[in-house]
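Here are my notes for a first look at this structure. Please keep the model open while reading the points below.

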Amino acid sequence: MAVQSSFKNMSLCLLVICLVCSALLAGVYALTADPIANAAKAKNEAAIKEVLPETAVTIEEEKSITVDGQTYTYNRAFDDLGNTVGCAINVSALGFGGPIAIKVGFDVNGVIWNTKVLSQAETPGLGAKCVEAAFSEQFKGFNPVEKKLAVKKDGGDVDAITASTITSRAYAWGLAVAAKVFGEIVGTPMPLDAWTGATAN
Amino acid sequence: MGKFQLITKGIIKENPTFVLLLGMCPTLATTTSAINGMSMGLATMFVLILSNIVISAIAAYIPDKVRIPSYIVVIATFVTLLQFIMQAYTPAVYETLGLFIPLIVVNCIVLGRAEAFANKNSVVDSALDGIGIGLGFTCSLTLLGLVREMLGSGSAFGFKFIEGDGILAFVLAPGAFLALAYLIVIFKKLTSKKAE
């Protein structure tokens, strides 16, 4: 090594390296900040369209509502005539490997249209199956007033994933929370029998 | 050593996963499927090539006592750049790998090659070494991911060839160790025959 390890050399070297690296990072960050924000926005809008009826063409700006001290974000959607089609609510439930973020779409009657997992860290091969259609399909057209959003083991109407009760329970609980939030958004709290069971979780 | 050998030695003689046993953390964590393993390998290769090039170019100007922190800053910068770029232009890939990208910083292969090769060799040789070791890492991770995916989920690169689940343990952590151990045994057996 040609350069001596004197205090001056070492400080200077680290200073220069850190300056160059920070400048590089700042530059690339400035360049990619917009595409990153756009990608996140496109992903969110795609998810909203996925959980709502096809007639939803206009998506309202994201709003938030506080229910039981928790803040939830949601988007309402309208068809081409301006009628409300439904509402997509973001909820998060604590699964086996961390929070499971779910987007839940309701039609105007408060029936679940579809659900989508936005992020999860469940066990591969077990709880991670919550993203698969085999599990999530059962929530299409699920009416939280008529049926109970809890796994069958807990006396509800949700078929759990084999060997993944904790994940299934979290999913059902998240949907029950979404149903309650939906009731608050439309201003008429849902008569949810299921809710009492879900809060015990 | 010829230029060509610089590349091939990384794939067989100094294979980072099966021979040097470096970078075990991302190896075990990301190889739940062949695609995941391959993507992790390619991302590491990208960082490795760039960090090898830059470190071999600046090594002469870095005082010995601060070389490790300097290398780490360089490597971390490349990893963060990669993260930004993936997030912006390939969000789908980023979604599956996002969690593991920061792991590349602490991957001992990258720092190991900087320490053992790049700071003593020319820029071109270091780039070739990066390609070789990167390819070796990518191949091993893809292979390990493929074995675990086939045994654990009954599919290969996402295409299912059996009904049902397979031996679930292979997708989970214990299966990672088992599959890796058997692959190392097979690899040793094959390469030692060659040497004789």
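Which residues in H6(B) meet which residues in H7(B)?

1. This is a predicted model, and the helix pair in question sits in chain B. From H6(B) come B:Ile109, B:Arg113, B:Phe117 and B:Ala118. They meet B:Ser126, B:Asp129, B:Gly130, B:Ile133 and B:Phe137 in H7(B). By class, the residues of this contact divide into 5 nonpolar, 2 polar and 2 charged.

2. Now the geometry of that pair. Two packed helices are described by the angle and the distance between their axes. Helix H6 of chain B covers residues 108–118, and helix H7 of chain B covers residues 123–153. Their axes come within 11 Å and cross at roughly 145°. The crossing of H6(B) and H7(B) is right-handed.

3. Confidence comes next. The model scores ipTM 0.74 and pTM 0.76. Chain B has an average pLDDT of 86. In chain B, 98% of the residues score at least 70. Where pLDDT is low, the predicted coordinates should not be read in detail.

4. Turn to the contact between the chains. Chain B brings 27 residues to it, and chain A brings 24 residues. Two elements of chain B, helix H4 (67–89) and H7, each give two or more residues to the side that touches chain A. H4(B) gives the most, with 12 residues. That side of chain B has 17 nonpolar, 7 polar and 3 charged residues.

5. Chain A has antiparallel strands to check. Strand S4 (residues 84–94) of chain A is joined to strand S5 (residues 99–107) of chain A by 9 bridges, and the two run antiparallel. S4(A) and S5(A) form a hairpin with 4 residues between them. In the turn, A:Gly98 has a positive phi of about 130°.

6. S5(A) also pairs with strand S6 (residues 112–119) of chain A. These strands are antiparallel too, with 6 bridges. Their hairpin has 4 residues between the strands, and A:Gly110 takes a positive phi near 80° there.

7. Which residue is the bridge partner of A:Val91 in S5(A)? The partner is A:Ile102. A:Ile102 in turn stands opposite A:Val117 in S6(A). Another pair links A:Val104 with its bridge partner A:Thr115 in S6(A). In a regular strand the side chains alternate between the two faces of the sheet.

8. Most residues other than glycine have a negative phi. A:Ala163 has a positive phi, near 65°. This residue lies in the loop between helix H2 (133–136) and helix H3 (165–186) of chain A. B:Leu21 has a positive phi as well, near 50°. B:Leu21 lies in the loop between helix H1 (3–11) and helix H2 (24–30) of chain B.

9. How are these two residues surrounded? A:Ala163 is partly exposed, because 14 other C-beta atoms lie within 10 Å. B:Leu21 counts as partly exposed, with 13 C-beta neighbours inside 10 Å.

10. Is A:Leu19 buried or exposed? A:Leu19 is exposed, because 10 other C-beta atoms lie within 10 Å, and the cut-off for exposed is 12 or fewer. A:Leu19 is found in helix H1 (residues 7–51) of chain A. A:Leu19 and A:Val3 are 16 residues apart in sequence and 20 Å apart in space, C-alpha to C-alpha.

Methods:
Residues are numbered from 1 along each chain as its sequence is written. Chains are lettered from A and ligands numbered from 1 in the order in which they are written. Axes are lines fitted to C-alpha atoms, for helices over the stretch in contact, and angles run from 0 to 180 degrees between N-to-C directions. A crossing is left-handed if the near helix is turned anticlockwise from the far one by less than a right angle, and right-handed if clockwise. Two residues are in contact if their C-beta atoms, placed from the backbone, lie within 7 Å. Ala, Val, Leu, Ile, Met, Phe, Trp, Tyr, Cys and Pro count as nonpolar, Asp, Glu, Lys and Arg as charged, and the others, Gly among them, as polar. Two strands pair if DSSP finds at least two bridges between them. pLDDT is the predictor's confidence in each residue, from 0 to 100. A residue is buried if 20 or more other C-beta atoms lie within 10 Å of its own, exposed if 12 or fewer, and partly exposed in between; C-beta atoms are placed from the backbone.
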